[in-house]
Amino acid sequence: VALTDQWYLKYGEAEWRSQVEGHMKSTLELYSPDTRARFDKSLAWLGEWACSRSFGLGTRLPWDEACVIESLSDSTIYTALYTIIHILHRQEEKLVPDDLTDEDWDAVFLGGTPAPDSKVPGDILAEMRREFSYWYPVDLRVSGRDLIANHLLFYLYAHAAIFPEPHWPRGIRTNGFVMLNNEKMSKSTGNFLTLQQALAL
C-alpha cells in the first residue's frame with residue numbers, strides 16, 4: 001500500500017446529484033424495476049470517487065499530466081464522440097486531434113462559437129455540429145448491470161455536468177450475466193469460454 005495524492009469527483013454534491021435524480025425520475029427510461037432500484041441505491045450511496053491513478057493506460061488529466069483518469073470514470077461521454085468520429089477519420093480532412101481547441105469542441109457539442117483562429121475549417125465544424133445534433137441524445141444505452149453503481153451512474157453525472165438537459169440520455173437497459181458452471185463468466189477468474197469454444201460444444 002502506498003500513500004499517494006489522489007483526485008476525486010464529488011458526485012455527492014447536492015445540486016449535481018439533484019439534477020441526476022430528477023432526470024432519473026422524470027425522463028430516463030430504465031425498463032425494469034430492478035434496474036431502477038439499483039440506480040436509486042447507487043445514487044444514494046455515491047459520494048466522492050477517486051477518479052485518477054498514476055500509472056497505466058488512460059486519458060491524462062488535463063490539469064495534472066502525472067495522472068490518468070481511472071477506467072470507470074473515463075469514457076463516460078464517448079457516445080458523443082461516436083457521432084462525429086467518421087468525420088475526424090476522413091483522410092481528406094487531415095485533422096489532427098490537437099488541432100481542435102476547447103472552443104472547437106464547445107462549438108460541436110454545445111453550439112458555441114469556434115475560435116477565430118481555429119485550425120479546423122468552419123464547414124467541417126458545422127458538419128460535426130449537425131451530426132452531433134442529429135444523433136444526440138442517446139436513445140438507448142445497453143450495458144451490464146454490474147456497471148450501474150459506477151460507470152453508468154458516472155455516465156449520467158457527466159452528461160448532467162457537460163450537456164444541456166435535452167442532450168441527456170433517454171434510456172439505459174441493463175442485462176444480467178452469462179453463466180458458466182453456475183458462476184458468472186469472467187476473464188479475471190478464468191471462468192469463460194471463447195466464442196470458438198462455445199460453438200464447438
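Arg-90 lies in the loop between helix H4 (85–88) and helix H5 (102–110), and Glu-127 in helix H6 (residues 122–135), so the pair ties together parts that are 37 residues apart in sequence. Arg-90 is partly exposed at 22%.

This is a predicted model, in which local features need pLDDT of at least 70 and side-chain atom pairs pLDDT 80 or more, while totals for chains, interfaces and linings use all residues. Residues are numbered from 1 along each chain as its sequence is written, and side-chain values use heavy atoms, without hydrogens and water.

The whole structure has 4 salt bridges, including these:

| Pair | N to O distance |
|---|---|
| Arg-38 and Asp-34 | 2.9 Å |
| Lys-25 and Glu-21 | 3.7 Å |

Arg-38 and Asp-34 sit 4 residues apart in helix H2 (residues 33–45), about one turn of the helix. Arg-38 is partly exposed at 32%, and Asp-34 is partly exposed at 40%. Lys-25 and Glu-21 are also 4 residues apart, in helix H1 (residues 14–26). Lys-25 is exposed at 65%, whereas Glu-21 is partly exposed at 32%.

The protein has 8 helices and 9 strands, which are DSSP runs numbered from the N terminus (helices H or I, at least four residues; strands E, at least two). Of its 201 residues, 35% count as buried.

Notes
Buried means under 20% relative accessible area, exposed over 50%, partly exposed in between (1.4 Å probe, protein chains only). A salt bridge is a side-chain nitrogen of Lys or Arg within 4 Å of a carboxyl oxygen of Asp or Glu.
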